[in-house]
Amino acid sequence: MVRVKTLKILNLDGCVHITDAGLKHLLPLADQLEVLSLAGCIRISDNGLEELGKASVMLNILNVSNCPDVTHNMLILFAKRNKRLSTLHAAATYVTDDGMAELCNYFTKCLTSLDVSFCRQISDFSMLSLAQIAVSLNHLNICGLSRLTTASLQSILTKCWYLKTIIFEDIYL
């Protein structure tokens with residue numbers, strides 16, 4: 001990676017052999033990345049993402065879906081550092097209710113797409129927080145969030161005026 005000087009988009013989706021140690025090789029490029037997609041990289045964790053999170057400042061899109069060892073702590077770090085983050089896909093990661101509520105504090109008006117499907121710890125508490133701040137949200141995937149009630153859906157539908165797509169399969173309202 002040393003020869004690469006400018007890289008804006010990095011998609012390593014499904015590269016199941018990428019590890020935390022491998023992510024360290026991306027550090028020289030982190031401050032230029034606008035898109036980082038690591039979906040399905042099952043061997044990465046918060047440990048490997050921490051330095052990338054601290055170094056990145058230009059991300060518009062972050063996808064860590066199906067990375068089970070990634071937690072809300074890293075999502076918060078990325079959201080703090082990347083004020084233009086418009087898309088966050090974190091399906092099937094470890095996001096708790098408190099973590100999601102804290103993450104909402106760092107979402108700006110730029111957030112247009114959020115996927116937290118199958119983050120089974122999420123309940124109405126964090127969805128109500130999301131509805132308060134995510135006014136620009138266009139796309140929301142909350143499939144498999146069995147702890148949600150009609151209160152979440154009602155709040156999202158009344159406060160997120162620009163919502164075009166909402167996916168809420170496997171929710172028992």
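Which residues in H4 meet which residues in H5? On the H4 side they are Asp97, Asp98, Met100, Ala101 and Cys104, and on the H5 side Phe125, Ser126, Met127, Ser129, Leu130 and Ile133. Keep in mind that this is a predicted model.

**The helix pair**

A pair of packed helices is described by the angle between the two axes and the distance between them. Here helix H4, which covers residues 97-104, packs on H5 at an angle of about 10 degrees, and the two axes lie 8 Å apart. Angles under 35 degrees count as roughly parallel, so H4 and H5 are roughly parallel.

Now pick one residue out of that meeting surface. Is Ser126 buried or exposed? It's buried, because its relative accessible area is 0% and the cut-off for buried is under 20%. What does Ser126 touch once its neighbours within four places in sequence are set aside? The contacts are Asp97, Met100, Ala101 and Cys104, and these four residues are also among those H4 brings to the meeting with H5.

**The sheet**

Let's move on to the strands. Strands in a sheet pair through backbone hydrogen bonds, and the pairing can be parallel or antiparallel. In this model, seven strands make an open sheet in the order S1-S2-S3-S4-S5-S6-S7, and the pairing is parallel. At the edges are strand S1 (9-11) and strand S7 (165-167), each with pairing on one side only. From one strand to the next, the twist averages 5 degrees.

For a look inside the sheet, take S4 (residues 87-89) and S5 (residues 113-115): they run parallel and are joined by three bridges.

**The whole chain**

Zooming out, the chain holds six helices and seven strands. Read from the N terminus, the elements go β-α-β-α-β-α-β-α-β-α-β-α-β. Some overall values for the chain:

| Property of the chain | Value |
|---|---|
| Span of the C-alpha trace along its principal axes | about 50 × 30 × 25 Å |
| Accessible surface | about 8,400 Å² |
| Share of that surface on carbon and sulfur atoms | 56% |
| Share of the 173 residues that count as buried | 50% |

How does the radius of gyration fit a compact globule? For 173 residues such a globule would come out near 16 Å, and the chain has 16 Å, so the two agree. As for contacts with a separation of 6 or more, 80% come from residues 24 or more positions apart.

Technical notes. Residues numbered from 1 in each chain as written. Predicted model: local features only at pLDDT ≥ 70, side-chain atom pairs only at ≥ 80, totals over all residues. Heavy atoms only, no water. Buried < 20%, exposed > 50% of the residue type's maximum accessible area, 1.4 Å probe, protein only. Contact = heavy atoms within 4.5 Å. Pairing = 2+ DSSP bridges. Helix = DSSP H or I, 4+ residues; strand = E, 2+ residues; numbered from the N terminus. Axes fitted to C-alpha atoms, helices over the stretch in contact; angles between N-to-C directions. Rg over C-alpha atoms; globule rule 2.2 N^0.38 Å. Areas by Shrake-Rupley, 256 points an atom, 1.4 Å probe, with all protein chains shown as cover. Parallel < 35°, antiparallel > 145°, perpendicular 65-115°, else oblique.
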